[in-house]
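Please keep the sequence and the model in view while reading.

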Amino acid sequence: MERVISGIRPTGNLHLGNYFGAVKNFVRMQDEYDCMFFIADWHSLTTHPTPENIRQSARTILAEYLACGIDPEKAPIYIQSDVKEVLELYLYLNMNAYLGELERVTSFKEKVRQQPDNVNAGLLTYPTLMAADILMHKADKVPVGKDQEQNMEMARLFARRFNRIYNIEYFKEPQNFYYTKQAVKIPGLDGSGKMGKSNGNCIYLFEDDQTITKKVMRAVTDAGPQAMNSEKPEVIQNLFTLMEAVSTPDTVAYFNDKWNTCEIRYGDMKKQLAADICATVAPIREKIEMYKNDDALLQRIANQGAERARERAAQTIKEVREIIGFRAN
């Protein structure tokens, strides 16, 4: 069975865009692949979070992913900093990574522009830490977004370079993994673009029905169709895209017909959309609360995931040490 690994950045609460764009695929993948998921708390140090934020973010993300359907018995989920072997492989990969190639990484250059007063070494070597996370487990595939494709190229480069330097075919070259042919892009409620935390246009999985309904009822619309069977403008297509994600096909077809006959009432559509989003979110929200209120369960799941991850990681480090010439611990 092919091995898949995916890192989860602890950058706040999950929203509908995360859920439909990635997490639902993770839940399906755990039945088809040898999956492991980890919460990348070391990566978060590039922005200097407080100790409280690190702990709370990891706990929140773990609870939310479990609530969405990640089964730790099928797919171990662990916290990156609980697997110390990653740091040793990170060191070895850094020794064979070159300053010029790291400085040319697009995500590094973007971060330099975004935080010019905090251009730290962790930002520069982000690709080598990401590569260590992946190569440690000899993953075949890694689910990635467009923003991570260059870092995946770097991971393959570091794998090839290690093999060449030590004249051994040891590391696999992990491949980008797109579970579906076309990525699911959930729009925000502001009439354009996709749902994202930085855009302030999200519906979060922890939010109650009243909050969700208020947000949906404020969604941007227009004056309505001016001709039969006309093309929908972006702000209206966004509402239909959201509806396609959470509503039944019959519901979507009903409002499509109302659009095509110029009879659509946006208030009615928004009420239906809000109700369907609430129905989607409610069972997830209940499970989030259940997990967040059980620290012992969260800790046990994280410990079990780390134990399984370290079994693989320890073997990799033992072999890598022998290949490089160090004594195996």
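The charged end of lysine 232 lies over the ring of phenylalanine 240, at 4.6 Å from the ring centre. A charge is said to sit over a ring if NZ of Lys or CZ of Arg is within 6 Å of the ring centre and within 35 degrees of the ring normal.

The model is predicted, so local features need pLDDT of at least 70 and side-chain atom pairs count only at pLDDT 80 or more, while totals for chains, interfaces and linings use all residues. Residues are numbered from 1 along each chain as its sequence is written, and side-chain values use heavy atoms, with hydrogens and water left out.

**Aromatic pairs**

The structure contains 12 aromatic pairs. Rings of Phe, Tyr and Trp (its six-membered ring) pair if their centres lie within 6.5 Å; planes under 30 degrees apart count as stacked, over 60 as edge-to-face and the rest as tilted. Phenylalanine 26 and phenylalanine 37 form a tilted pair, because their ring centres are 5.0 Å apart and their planes meet at 35°. This pair links distant parts of the chain, with phenylalanine 26 in helix 1 (residues 16-29) and phenylalanine 37 in strand 2 (residues 34-39), 11 residues apart. Helices (H or I, at least four residues) and strands (E, at least two) are DSSP runs, numbered from the N terminus.

Tyrosine 33 and phenylalanine 177 have ring centres 5.2 Å apart and planes at 65°, so this pair is edge-to-face. Tyrosine 33 belongs to the loop between helix 1 and strand 2, whereas phenylalanine 177 belongs to strand 5 (residues 175-177), 144 residues away.

Buried means under 20% relative accessible area, exposed over 50%, and partly exposed in between (1.4 Å probe, protein chains only).

| Residue | Relative accessibility |
|---|---|
| Phenylalanine 26 | 7%, buried |
| Phenylalanine 37 | 1%, buried |
| Tyrosine 33 | 16%, buried |
| Phenylalanine 177 | 8%, buried |
| Asparagine 96 | 15%, buried |

Ring pairs also join Phe162, Tyr166, Tyr170 and Phe171 into a cluster. Asparagine 96, in the loop between helix 3 (85-95) and helix 4 (99-103), touches Glu101, Arg161, Ile165 and Tyr166, not counting residues up to four places away in sequence. Contact here means heavy atoms within 4.5 Å.

**Helix 2**

Helix 2 (residues 51-68) has 18 residues and reaches 26 Å from its first C-alpha to its last, close to the 26 Å expected at 1.5 Å a residue. The expected span is 1.5 Å times one less than the number of residues. Among the buried residues of helix 2 are Ala58, Ile61, Leu62 and Tyr65. Their cover includes strand 1 (3-8), helix 1, strand 2, strand 3 (77-79), helix 12 (266-292) and helix 13 (295-324). Glycine 69 follows helix 2 and has a positive phi, near 125°.

**The whole chain**

The chain comprises 13 helices and five strands. Its C-alpha atoms fill a box of roughly 75 × 45 × 40 Å, taken along the principal axes. Of the 329 residues, 49% are buried. Among contacts between residues at least 6 apart in sequence, 78% join residues at least 24 apart.

The mean pLDDT (the predictor's confidence in each residue, from 0 to 100) is 92, and 98% of the residues reach 70 or more. Among the elements, strand 1 has the lowest mean pLDDT (88) and helix 3 the highest (97).
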